[in-house]
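Please read them with the structure open beside you.

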Amino acid sequence: MPTHRDTDFVSFRGKGGLKFEVFTLPGKAAAFRKNQDGEDPMSILADTRIFTDIKHLRQVSKKAVEEEFGTVDKKKIIEKILLDGKLKVKVYVSKPITELLLDLAFGAELIGALYMLTKRGKLSDFAQMCVYMTIFVMLTTRISRSVGRWFSYQFLSSAPFNDPLKSSTALKHFESQLWQLIVHTSMACLGIWAYSKGRDYLRYPAYFLHPEALLDGLTILPHVEELYIVQLAIWFVTLVSLRFFEVRAGDHHVMYTHHVT
């Protein structure tokens with residue numbers, strides 16, 4: 001991947017749905033569209049390769065390029081992509097110092113959480129919940145992908161919707177948003193249920209907002225403790241996935257900061 005700090009890219013979708021994507025220098029693609037003035041389109045590229053999946057750095061085949069554009073003239077192909085494609089700026093850029101600081105914050109928070117869980121004798125419960133949440137996340141994303149693709153094709157294929165989940169990017173966004181809906185809705189319901197079980201629910205709600213109560217001997221209702229463990233497992237599993245397994249987008253460090261704080 002290009003090493004400069006603010007790489008953009010342009011994505012062009014062909015007739016058959018295949019994507020043709022190129023890295024461009026910062027701001028150059030937009031300027032090229034506004035005022036070409038005979039500028040060589042090759043000069044604004046940050047990388048001369050043409051990709052079909054730029055986030056995974058998968059290059060498109062020469063045969064697919066020739067079939068789509070009807071030429072082997074790379075200058076004409078690049079010009080077509082630049083003029084008719086969609087401008088994108090969300091490309092991941094490595095920031096080692098930021099990554100290190102976020103890793104340290106994550107590590108400190110995890111150590112603190114494990115210490116509290118150990119003191120309460122709940123470490124094994126937390127480990128089990130992490131396993132359950134991992135399985136739950138995997139099943140949810142796979143089912144949502146299958147159901148979403150089927151529903152989009154079967155019921156939304158005609159105008160004005162035109163099969164909105166036909167692209168892998170749209171389907172990925174659908175998976176993410178459905179997971180967010182499920183986890184936030186379920187945690188809201190679980191939280192209301194847990195809090196309502198306590199006699200102090202209406203009189204002392206602020207007690208439930210202080211996790212340090214796990215260490216100072218204050219009485220914690222079992223249902224509230226279970227809620228903390230479930231939410232801590234979700235936090236841990238999603239953060240590990242973001243840090244080590246997911247394809248990094250341009251907002252990776254923003255999302256990492258969001259999870260850590």
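Among contacts in the protein chain between residues at least 6 apart in sequence, what percentage join residues at least 24 apart?

1. The figure is 65%, taken over contacts between residues at least 6 apart in sequence. The model is a predicted one, and its protein chain has 261 residues, of which 33% count as buried.

2. The secondary structure amounts to eight helices and five strands, and the order of elements, read from the N terminus, is β-β-α-β-β-α-α-β-α-α-α-α-α.

3. The largest nonpolar core has 17 residues, and those touching the most other members are F20, V22, I50, F69, I81 and L82. Two or more residues are given to this core by each of β1 (8-13), β2 (19-24), α1 (28-34), α2 (62-69) and α3 (74-84), with α3 supplying the largest share, namely four residues. Apart from this core there is a second, separate one of 13 residues, which includes W179, V183, M187 and I234. As background, nonpolar side chains in soluble globular proteins tend to be buried together.

4. When its neighbours within four places in sequence are left aside, V22 is in contact with D8, F9, V10, L45, R49, I50, I54, I78, I81 and L82.

5. Helix α4 (residues 96-120) and helix α7 (residues 222-244) have axes that come within 12 Å and cross at roughly 150°, which makes α4 roughly antiparallel to α7; the crossing is left-handed. On the α4 side the contact is made by E99, D103, F106, E109, L110, A113, L117 and R120, which meet E225, I229, L232, W235, F236, L239, V240 and R243 in α7. By class, the residues of this contact comprise 10 nonpolar and six charged ones, with no polar residue.

6. Helix α7 also meets helix α8 (residues 252-260), and here the axes come within 10 Å and cross at roughly 160°; the two helices are therefore roughly antiparallel to each other, and this crossing too is left-handed. The α7 residues W235, T238, L239, L242 and R243 meet H252, M255, Y256, H259 and V260 in α8, and this contact has six nonpolar, three polar and one charged residues. W235, L239 and R243 of α7 are listed both in the contact with α4 and in the contact with α8.

7. H223, which lies in helix α7, counts as partly exposed because its relative accessibility is 26%. Leaving aside neighbours within four places in sequence, H223 is in contact with W193, A194 and K197. The C-alpha atom of H223 is separated by 9.0 Å from that of G191, a residue 32 places away along the chain.

8. A cis peptide bond joins A159 and P160, with omega about 5°. Neither is a glycine, yet phi is positive in both, near 55° for N162 and about 55° for D163. For comparison, most residues other than glycine have a negative phi, and most peptide bonds are trans.

9. Are N162 and D163 buried or partly exposed? N162 counts as partly exposed, at 41% relative accessibility, whereas D163 is buried, because its relative accessible area of 9% falls under the 20% cut-off.

Conventions: Residues are numbered from 1 along each chain as its sequence is written. This is a predicted model: local features need pLDDT of at least 70, side-chain atom pairs count only at pLDDT 80 or more; totals for chains, interfaces and linings use all residues. Side-chain values use heavy atoms; hydrogens and water are left out. A nonpolar core is a set of buried Ala, Val, Leu, Ile, Met, Phe, Trp, Tyr and Cys residues joined through side-chain atoms within 4.5 Å. Buried means under 20% relative accessible area, exposed over 50%, partly exposed in between (1.4 Å probe, protein chains only). Contact means heavy atoms within 4.5 Å. Axes are lines fitted to C-alpha atoms, for helices over the stretch in contact, and angles run from 0 to 180 degrees between N-to-C directions. Angles under 35 degrees count as roughly parallel, over 145 as roughly antiparallel, 65 to 115 as roughly perpendicular and the rest as oblique. A crossing is left-handed if the near helix is turned anticlockwise from the far one by less than a right angle, and right-handed if clockwise. Ala, Val, Leu, Ile, Met, Phe, Trp, Tyr, Cys and Pro count as nonpolar, Asp, Glu, Lys and Arg as charged, and the others, Gly among them, as polar.
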